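Here's a quick walk through a fold, written for someone who likes to know the cut-offs. Have a look at the sequence and the model, then read on.

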Amino acid sequence: MSTQPTGYTMPTTNLTLDTVLQRWIDVFMRHTMHDLVQLKRDAGLSMSQLSTLFRLFHAEDCGVSDIGESLGITNAAASQMVDRLVGLDYLTRSEDPQDRRVKVVSLTKKGRALIQESYLRREEWLAQITTSLSTPEQESISAALTLLTEAAIRLGSMDDKEHYA
């Protein structure tokens, strides 16, 4: 049984860089989305709920209105979603010490562990890929990806530059 994505064909030497990058992105995104869908199913969460956990993992604590804004939903809908995640012990909700009217949402240990599991799955997959390559192949890909990453950061927004600095 093949582990290659549907529609995948073996690479040829006449492909443009754009084509090769698009093929890698397709493979990477299919694998990542498969893992995210499985993680969501296993945890009994919606994609919006999982997205909220990822946001809090990267941005630390935030308000319910921030969650609503990032998901494009009303504050009332965001509050209901947060309540469910609190009930599942993925989040905590507390008063902001500076403004008691504002509720601050944070990941619990369980919520943080769930997101870390997602990253661990991806790291394991990438390790399988890299160990299947020779040392010269690994060095060549590492050098090329370093150049590509630096070019993407230069062209990205200021937010991207601050995130990757």
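A salt bridge here is a side-chain nitrogen of Lys or Arg within 4 Å of a carboxyl oxygen of Asp or Glu. By that rule, the count comes to six salt bridges. Some bookkeeping before the details: this is a predicted model, where local features need pLDDT of at least 70 and side-chain atom pairs count only at pLDDT 80 or more, while totals for chains, interfaces and linings use all residues. Residues are numbered from 1 along each chain as its sequence is written, and side-chain values use heavy atoms, with hydrogens and water left out.

**The sheet**

Let's start with the strands. Helices (H or I, at least four residues) and strands (E, at least two) are DSSP runs, numbered from the N terminus. Two strands count as paired if DSSP finds at least two bridges between them. On that basis, three strands make an open sheet in the order β1-β3-β2, with antiparallel pairing. The edges are β1 (62-63) and β2 (91-95), each pairing on one side only. In general, strands of a sheet pair through backbone hydrogen bonds, either parallel or antiparallel.

How many bridges join β2 to β3? Five of them do, with β3 spanning residues 103-107 and running antiparallel to β2. Between β1 and β3 there are two bridges, again antiparallel. As for who faces whom, Cys-62 sits opposite Val-105 in β3, Ser-94 is opposite Val-104 in β3, and Glu-95 has Lys-103 of β3 as its bridge partner.

Is β3 mostly covered or mostly open? Mostly covered: four of its five residues are buried. Buried means under 20% relative accessible area, exposed means over 50%, and partly exposed is in between (1.4 Å probe, protein chains only).

**Helices on the sheet**

Contact means heavy atoms within 4.5 Å; axes are lines fitted to C-alpha atoms, for helices over the stretch in contact, and angles run from 0 to 180 degrees between N-to-C directions. Helix α2 lies across β1, β2 and β3 and runs at about 90° to β3. Helix α4 (residues 75-87) packs on the sheet too, touching β2 and β3, and its direction makes about 120° with that of β2.

**Charged pairs**

Side chains of opposite charge can pair when their charged atoms come close.

| Pair | N to O distance |
|---|---|
| Arg-100 and Glu-95 | 3.7 Å |
| Glu-95 and Lys-103 | 3.8 Å |
| Glu-117 and Arg-121 | 2.7 Å |

Glu-95 turns up with Arg-100 and also with Lys-103, its bridge partner in β3. Arg-100 counts as exposed because its relative accessible area is 63%. Glu-95 is partly exposed at 42%, and Lys-103 is partly exposed at 31%.

Why are Glu-117 and Arg-121 separated by about one helical turn? Because they are four residues apart in helix α5. Glu-117 is partly exposed at 33% relative accessibility. Asp-42 joins in as well, linked with Glu-117 and Arg-121 in a network of salt bridges.

Helix α5 (residues 109-131) also holds Gln-116, which is partly exposed at 42% relative accessibility. Gln-116 and Phe-57 are 59 residues apart in sequence, yet their C-alpha atoms are 8.8 Å apart in space.

**A nonpolar patch**

Trp-24, Ile-25, Met-29, Met-33, Met-47 and Leu-126 make a nonpolar surface patch of about 500 Å². Patches are made of residues with over 30% relative accessible area and no salt bridge, joining like charges within 9 Å and nonpolar side chains (Val, Leu, Ile, Met, Phe, Trp, Tyr) within 5 Å. The areas come from the Shrake-Rupley method with a 1.4 Å probe, and for residues only the protein chains shown count as cover. Helix α1 (residues 17-43) gives the most to the patch, with four residues. Met-47 lies in helix α2 (residues 47-59) and is partly exposed at 35% relative accessibility.

**Two positive phi values**

Most residues other than glycine have a negative phi, and most peptide bonds are trans. Glu-60 has a positive phi near 65°; this residue is in the loop between α2 and β1 and is partly exposed at 45%. Asp-89 likewise has a positive phi near 65°. Asp-89 is in the loop between α4 and β2, and at 43% relative accessibility Asp-89 counts as partly exposed.
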